[in-house]
Structures are given as C-alpha cells and as structure tokens.
Amino acid sequence: LGMGDVAPRKGIRITSPDENRGYLPLLYIMMFEKTTALELFEMRRMLQIEMAEAGALRRTEQQLEELKQCTKNMRDNIDSSAEVFAYLDYEYHMAIIKCGQNRLCLKLMQTFDALLREQLTERIRNMKKSREITLYFHEGICRCIENHDSVNARQMMLRHLEDAYKLATNEPI
C-alpha cells in the first residue's frame with residue numbers, strides 16, 4: 001500500500017506520506033473496478049477548475065515560472081508526436097495543481113498519473129487540430145494566474161475542459 005518499507009536486517013519502517021507520489025490503494029481500486037474514462041475525466045475536471053482559481057491566488061514566483069516553462073515547451077513541441085505533446089500537456093496541468101498549493105489535490109492527480117496520461121494521449125491522437133486550441137487556453141490560463149486573476153483563470157479552465165468533456169461524453173462539439 002506504499003505505507004511502509006521492509007528492508008533485510010533493518011526491519012519495517014513506516015514511510016512519510018510525502019515520500020509517496022500518490023495514493024496506491026485508490027489507484028488499485030480504480031484499476032480493479034475499471035474506472036471509466038468519463039469518471040476519470042469528471043474527477044480531473046473538478047480538480048483542475050478549482051486549482052486554476054486557487055493557483056491565481058496562491059502561486060509563488062517559482063511555480064509561475066514552472067507553469068510558463070510548461071506552456072513554452074508545449075508551444076515549442078506543437079508538431080511533436082501525440083505521446084510527447086500529451087506528456088507536456090500533463091506536465092502543464094500538474095503545474096496548475098502545484099500553483100494551487102493543495103497537497104491533497106496534488107496527491108490525487110499523481111495517483112491518476114498513468115490513467116491521465118493515457119487519456120490525454122488518446123485525445124491528442126484523435127484531435128490533431130486541437131493543439132492550437134489547447135495552447136490558446138493554456139497560454140490564457142497562464143496569463144490569468146500570472147495576473148492573480150482567479151475569476152478568469154477558473155472560467156478559462158472551465159472553457160478549456162468543456163470540449164474535452166464533450167469528447168469524453170461523445171456529445172457533439
């Protein structure tokens with residue numbers, strides 16, 4: 001469960017929660033209960049919208065620079081493979097969570113890591129034209145966070161995720 005380490009001749013050591021990148025029991029439940037793409041997306045959507053707003057209010061200069069670098073990396077790799085672009089997309093969204101400074105939200109996103117990366121890659125593979133739209137929103141959200149504009153950061157994240165949500169629910173865009 002990721003709660004301890006067993007080492008020969010050293011015994012059992014309870015690990016600090018900070019040493020774990022996620023909540024392994026939750027990940028196991030999600031895998032065994034076959035969490036749907038829609039369920040995963042809805043959870044991600046709730047976390048990301050709230051953390052965009054919180055990020056605009058709480059971010060540090062270092063976190064803002066990380067977010068800007070993620071945005072630049074995406075712009076520089078707009079024509080890369082779906083896997084590369086999805087990885088950079090994931091890193092951008094994790095930087096938003098870090099700006100929000102909520103450890104529980106960070107741990108939850110880290111728990112969903114592999115599932116989220118797979119979902120992002122699939123979406124990007126199926127929607128090549130969406131890269132420019134994705135960057136439009138990412139750059140806008142980054143500006144809102146930079147300017148401490150929590151209302152518009154929340155609105156832009158909501159709008160950014162609406163199209164992806166429609167894809168996840170098979171609604172027409």
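This is a predicted model: local features need pLDDT of at least 70, side-chain atom pairs count only at pLDDT 80 or more; totals for chains, interfaces and linings use all residues.

Reader: How are two packed helices described?

Author: Two packed helices are described by the angle between their axes and the distance between the axes. Helix α4, residues 82-100, packs with helix α7, residues 130-146, at an angle of about 20°. Their axes are 12 Å apart.

Reader: What makes α4 roughly parallel to α7?

Author: Angles under 35 degrees count as roughly parallel. The angle here is about 20°, so α4 is roughly parallel to α7. The crossing of α4 and α7 is left-handed.

Reader: Which residues make the contact?

Author: From α4 come Ala-82, Phe-85, Asp-89, Tyr-92, His-93, Ile-96 and Cys-99. From α7 come Arg-131, Thr-134, Leu-135, Phe-137, His-138, Ile-141, Cys-142 and Ile-145. The residues of this contact divide into 10 nonpolar, three polar and two charged.

Reader: What makes Ile-96 count as buried?

Author: Buried means under 20% relative accessible area. Ile-96 has 0% relative accessibility, so it counts as buried. Ile-96 is found in helix α4. Leaving aside residues up to four places away in sequence, Ile-96 touches Gln-48, Met-51, Ala-52, Leu-67, Ile-141, Ile-145 and Met-157.

Reader: How far apart are Ile-96 and Leu-106 in sequence and in space?

Author: Ile-96 and Leu-106 are 10 residues apart in sequence. In space they are 9.6 Å apart, C-alpha to C-alpha.

Reader: How do you know whether His-138 is buried or exposed?

Author: The relative accessible area of His-138 is 0%, and the cut-off for buried is under 20%. His-138 is therefore buried. His-138 lies in helix α7. Residues up to four places away in sequence not counted, His-138 touches Thr-71, Met-74, Asp-89, Tyr-92, His-93 and His-160.

Reader: How many aromatic pairs are there?

Author: The count comes to one aromatic pair. It is formed by Tyr-136 and Phe-137.

Reader: Why is the pair of Tyr-136 and Phe-137 called edge-to-face?

Author: Rings pair if their centres lie within 6.5 Å, and planes over 60 degrees apart count as edge-to-face. The ring centres of Tyr-136 and Phe-137 are 5.1 Å apart and their planes are at 75°, so the pair is edge-to-face.

Reader: Why is Tyr-136 called partly exposed?

Author: Partly exposed lies between the 20% limit for buried and the 50% limit for exposed. Tyr-136 has a relative accessible area of 46%, so it is partly exposed. Phe-137, with a relative accessible area of 8%, is buried.

Key: Residues are numbered from 1 along each chain as its sequence is written. Side-chain values use heavy atoms; hydrogens and water are left out. Axes are lines fitted to C-alpha atoms, for helices over the stretch in contact, and angles run from 0 to 180 degrees between N-to-C directions. Helices (H or I, at least four residues) and strands (E, at least two) are DSSP runs, numbered from the N terminus. Angles under 35 degrees count as roughly parallel, over 145 as roughly antiparallel, 65 to 115 as roughly perpendicular and the rest as oblique. A crossing is left-handed if the near helix is turned anticlockwise from the far one by less than a right angle, and right-handed if clockwise. Contact means heavy atoms within 4.5 Å. Ala, Val, Leu, Ile, Met, Phe, Trp, Tyr, Cys and Pro count as nonpolar, Asp, Glu, Lys and Arg as charged, and the others, Gly among them, as polar. Rings of Phe, Tyr and Trp (its six-membered ring) pair if their centres lie within 6.5 Å; planes under 30 degrees apart count as stacked, over 60 as edge-to-face and the rest as tilted. Buried means under 20% relative accessible area, exposed over 50%, partly exposed in between (1.4 Å probe, protein chains only).
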